[in-house]
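Hi,

Here is the structure I promised to pass on.

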Amino acid sequence: MAGPSKPPEKKQSSLTSFFTINGLSKKHAVGSSAPGTSSNSSSNTTKPKAPEHNKSSSATPAPEPSRKRPLRETSDNGKERPLRSAKRARPIVDEEDSEDSEDPSIEKAAPNRPSIPDSSASLSRTELYAYNADRQGADAQITVGDEEDTAVRRKKEELHKKFVKKLGHPDSLSSFRRRELQGESESPGVEGADEDGGADFEEEELAPAKTKKKGAKTGKLTPHGDSVGYKFRFFGEDARIAAKELSIVCIPGKFRFDEHPSEAHLDRFASASIPVHRLNVHVKRLVAAGHKVGVVRQLETAALKKAGDNRNAPFVRKLTNVYTKGTYIDETGELDQSTEGTASPAGGYLLCLTESAAKGSGTDEKVDIGIIAVQPATGDIIYDDFEDGFMRREIETRLLHISPCEILIVGDLSKATDKLVQHLSGSSTNVFGDRSRVERIPKSKTMAVEASSHVTQFYAGKTEDEDERSKVLLAKVLKLPEPVTICLSAMITHLTEYGLEHIFDLTKYFQSFSTRQHMLINGTTLESLEVYRNATDHSEKGSLLWALDKTYTRPGRRLLRKWIGRPLLDQKRLEERVSAVEELLENQSTFKVDKLVGMLKSTRADLERNLIRIYYGKCSRPELLATLQTLQKISVEYARVKTPADSGFNSSLISEALCSLPGVGDIVNSYLDKINAQAARKDDKYTFFRDEEETEDITNHKLGIAAVEADLDAHRKDAAAKLSKKTPITYVTVAGIEYLIEVPNSDLKHVPASWAKISGTKKVSRFHTPDVMRLMNERDQHKEALAAACDAAFTSLLQSLAAEYQPLRDAVSSLATLDCLLSLAQVASLPGYTKPTFLPITTPPTITITSGRHPIAEHTLPDGYIPLPPPLSPPRP
């Protein structure tokens, strides 16, 4: 007879013993042939009765191995993670067990169910590695559970990533608000859309928008960051530079485009954005800081692309505009150069420079230099070819006179020349006004031959008319020196990138810098006499230009700068200019002078720059209207002046300038008759032309739009009939979506299934019928085609007006001459100024000054300037 059973020793059990397999414990509890051992586990939720287990264990002759998972030592102090759900253990449960189990998905055992006895306490460590089919099944069960746990964790991580991408970026909330306003959350495409649709906002921003295939269902519309027409974006290193220069926010991300390992943890590029309507303002600030800016635009529209052959391809985007400091021309004219700051304004020239060795070395080193300077904003072109010595005084003089804001160097420069260019262009306190942008291009050994061929081909297409002007044009260009031809070829190639190469068609304004009609003042003299800037803080205030500048217009100010820096050498022209100033001074406060001053004061537009923008085809509609109306006003003011005698002035310089003003009246009026002034002021391209002047394409598309709108209006009766209404329905517009049909939610039973729900509220739902969607697509195609036709007609108008550039530019030049003469007359009216007297040409060079005063010191000193009493004259022999 067996003695009393020994109570089991208390041993530490793993956490797996707290969980049982549903149905398996019940099978053992009802008296199966394989009873188990007693369980030593203690659970906080379910606790089996110990006496019953002990009693059953004493009656058991030979315990069988349990199907429970044995205890295994792990890194968690021998405790393994328990099973998450009994449902995942179903593969090892018998069919009868599963039939007895009412709910196999319950995770914890019922209180009246005893748990499976744990036999891991009686197994030694070596027995863990013995083969046992039951234990192998248990191990397989845990493996399957771990794999399923890993899959669940991976799924949760993916969902978390999608959540972060959808709501973790700064534009997420705004994008959702836009969707709600557009009613997309209730559109039919949302319900059938993919779960991942619209979550990866960054990829949709960077990738071009794609259209659906023909016949496919339209899904949810996701806002596109840089294609919805409200902002421009910078990426990578460009975003960092733009954020620094424009004081805008830079969203962190990758700055490099070469997949550098240091940025491997980042999943998107750094970005910054600016509004579309502020593009000109921000581009002006970037180019003023010396950067080269490119603008990429989308060239296709949605409606036309949907109806085109390439509807399945991405939208085409190309580099449409490139700007630098010397080539930027906006609708307001020049870059704003501060006259109150630490630098004088730059001349706005783009200068090309090339150098070749002449002879000598060391202190006797000489070089041949060719230059060509272009002012894209006015069309002026200056060229020169000269030999320079070791000190490079000649090139310094020309650089200081021209004051380029951008320098293009062809080939290599000598050390002395390169040092001078770097010194003048690299300082913000130089006479250029600011740091100049410097670009270099290589120079091949056959550059001279290639440049001559390139220039000849460039002008060959412009001499097809076989007129005298074309022959003179080509002959003048082909006679240019070889270094100048090289610079001209390089400048044509350079400006082609910016679309400004047509400026070289204006060969009338080709001027040589080393002309004998003007005095050539070297750079040292310009600095010593403080002609353009003072020597104290290098600003314009306190310079000779500042003291004499009383002009009213920008063209007049630019011309006065040329007059001061390049004095005349021809005595006859000097006397004409002095007599013109004297006549204006004598007739001061008279009607004819006051009329001239009033006309100049009312001319606020920079006509010189506006005309060159018209010539380039970059003029806007309001700007074109303002320019033409200003020229019309000027021509009407002096419409009665037919000959110099009708001007009322005796000076030939003033009379000839006034006679050239009325000549532009007929040209300006012929173009103003085609324009609708009210639409031009509002920049309305659709009604810019008067009805009689519209092109055939514009008229056809307008008629097409009217026909579609008539069909939409007639469709109201059909829609009302389907809704069982007698009166035609009324279209509504919500959140910019037109032709919506509102149906009360109580009447939704009458709505056909073919109608597409766009949006809705608690009371009404809004739909688009198939006919409405078809007609709206047709109307959008007509609208986009109409916009393209209006732009083409406006471009054609600018091209025809550009053919009249020469007479219009001559009238503006005459206006600038009158402005400069009035400015000098205003200075001459100040106390103590007198008219100079010119001696005959045969007289030896002599200058005599009595009671001379310094004009700049007189303006700047607070207590006035005491004149020099004794006369200043050369000594007599």
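**What I found**

His-782 is found in helix 27; helices (H or I, at least four residues) and strands (E, at least two) are DSSP runs, numbered from the N terminus. Before you read on: this is a predicted model, where local features need pLDDT of at least 70, side-chain atom pairs count only at pLDDT 80 or more, and totals for chains, interfaces and linings use all residues. Residues are numbered from 1 along each chain as its sequence is written, and side-chain values use heavy atoms, with hydrogens and water left out.

Back to that histidine. Leaving aside residues up to four places away in sequence, His-782 touches His-701, Gly-704, Ile-705 and Val-708 (contact means heavy atoms within 4.5 Å). Lys-702 is 80 residues from His-782 in sequence, yet 7.7 Å from it C-alpha to C-alpha.

Four strands make an open sheet in the order 11-12-14-13, with antiparallel pairing; two strands pair if DSSP finds at least two bridges between them. Strand 11 (731-734) and strand 13 (756-760) are the edges, each pairing on one side only. From one strand to the next, the twist averages 50°. Strand 12 (residues 737-744) and strand 14 (residues 764-768) are joined by four bridges, and Val-743 stands opposite Ser-765 in strand 14. Helix 27 (residues 770-802) packs on this sheet and touches strand 11, strand 12, strand 13 and strand 14, its direction making about 170° with that of strand 12. Axes are lines fitted to C-alpha atoms, for helices over the stretch in contact, and angles run from 0 to 180 degrees between N-to-C directions.

Then there is a helix pair. Helix 19 (residues 571-586) and helix 23 (residues 652-659) pack at about 80°, with axes 8 Å apart. They are therefore roughly perpendicular to each other (65 to 115 degrees; under 35 counts as roughly parallel, over 145 as roughly antiparallel and the rest as oblique). Helix 19 brings Glu-576, Arg-577, Ala-580 and Leu-584 to the contact, and helix 23 brings Ser-652, Leu-653 and Ile-654.

Helix 19 also turns up in the second largest pocket, where it gives the largest share of the lining, seven residues. A pocket here is an open set of points on a 1 Å grid over the protein atoms alone, where a 1.4 Å probe fits, with protein on both sides within 12 Å along at least five of seven lines; lining residues have an atom within 4 Å of a point. Of its 50 lining residues, the closest to the centre are Val-578, Thr-834, Lys-835, Pro-836 and Phe-838.

Cheers
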